[in-house]
Amino acid sequence: MTLFDKILAKEIPANVAFEDETVLAFHDISPAAPVHVLVIPKHKWMRFADLAIADPKQIGEYMSAVARVAKHLGLEESGYRIVFNNGRDGQQTVDYIHAHILGGRRLSWPPG
Ligand code: AMP
């Protein structure tokens with residue numbers, strides 16, 4: 001069980017930003033931007049790489065929900081960045097797939 005399994009099971013509290021039948025979105029505990037929300041699917045994948053063999057319909061529902069969360073956060077007009085850290089070099093620290101939604105300021109590029 002990862003930390004995000006426990007947050008999804010409400011065993012560990014989180015500052016929930018949005019929830020529907022597909023996803024749970026909560027504010028990152030250590031925000032890297034004025035808006036920093038993590039979106040996890042209720043159907044668990046461990047990492048982005050798992051999507052290579054996942055049901056495209058389920059992936060689509062997840063991606064659509066991530067876009068809905070960004071809209072719900074009021075970021076649609078100003079823009080935002082979606083990040084999936086994957087594996088060791090991607091600095092993924094929690095083995096439960098999560099989209100980072102980052103916004104509220106002009107983000108630099110390229111990332112470090
Ligand atoms: P990653 O490095 O892509 O695996 O992202 C994990 C993210 O989870 C980091 O940005 C952490 O700040 C965040 N995080 C860790 N613990 C918590 C928590 N209890 N509630 C919300 N976010 C967390």
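Reply: The account below begins with the pocket, moves to the ligand, and then follows the salt bridges and the backbone.

The model is predicted, so local features need pLDDT of at least 70 and side-chain atom pairs count only at pLDDT 80 or more, whereas totals for chains, interfaces and linings use all residues. Residues are numbered from 1 along each chain as its sequence is written, and side-chain values use heavy atoms, with hydrogens and water left out.

The largest pocket holds about 710 Å³ of space. A pocket is here an open set of points on a 1 Å grid over the protein atoms alone, where a 1.4 Å probe fits, with protein on both sides within 12 Å along at least five of seven lines; a lining residue has an atom within 4 Å of a point. The points are joined across faces, edges and corners, and the volume is the space filled by probe spheres set on them. The lining of the largest pocket comprises 33 residues, and Asp28, Ala32, His36, Asn85 and His100 lie nearest its centre. At least two lining residues come from each of α1, β2 (23-27), β3, β4 and β5, where helices (H or I, at least four residues) and strands (E, at least two) are DSSP runs numbered from the N terminus.

His100 belongs to strand β5 and is buried, with a relative accessible area of 12%. Buried means under 20%, exposed over 50%, and partly exposed in between, with a 1.4 Å probe and protein chains only. The side chain of His100 makes a polar contact of 2.8 Å with that of His36. Such a contact is a pair of N or O atoms within 3.5 Å; within protein, one must be able to donate a hydrogen and the other to accept it, and residues adjacent in sequence count only if both atoms are side-chain atoms.

Around the ligand there are 16 residues, and the closest are Asp28, Asn85, Thr93, His98 and His100; a residue is counted if one of its heavy atoms lies within 4 Å of the ligand. Asp28 places an N or O atom of its side chain 2.5 Å from an oxygen atom of the ligand. For Asn85, a polar side-chain atom lies 2.8 Å from a ligand oxygen atom. Val94 takes part through its backbone, an N or O atom of which is 3.2 Å from an oxygen atom of the ligand.

Beyond these surroundings, the structure holds seven salt bridges, each a side-chain nitrogen of Lys or Arg within 4 Å of a carboxyl oxygen of Asp or Glu. One of them pairs Lys44 with Asp5, with the closest N and O atoms 2.8 Å apart. This pair links distant parts of the chain, 39 residues apart: Lys44 is in the loop between β3 (35-41) and α2 (56-72), and Asp5 is in helix α1 (residues 3-8). Lys44 is partly exposed at 34% relative accessible area, whereas Asp5 counts as buried at 16%.

Arg47 forms a salt bridge with Asp95, the closest N and O atoms being 3.3 Å apart. Here too distant parts of the chain are joined, 48 residues apart, from the loop between β3 and α2, which holds Arg47, to the loop between β4 (81-83) and β5 (99-103), which holds Asp95. Both partners are partly exposed, Arg47 at 25% relative accessibility and Asp95 at 32%.

Glu19 and Lys10 meet in a further salt bridge, at 3.0 Å from N to O, and Glu19 is partly exposed at 39%. Together with Lys42, Lys10 and Glu19 are linked in a network of salt bridges.

Lys10 also stands out in its backbone, with a positive phi of about 65° although it is not a glycine; its place is in the loop between α1 and β1 (16-19). Gln91, likewise a residue other than glycine, has a positive phi near 60°. Gln91 is in the loop between β4 and β5 and is exposed at 61%. Finally, the peptide bond from Trp109 to Pro110 is cis, with omega near 5°, and Pro110 is found in the segment after β5.
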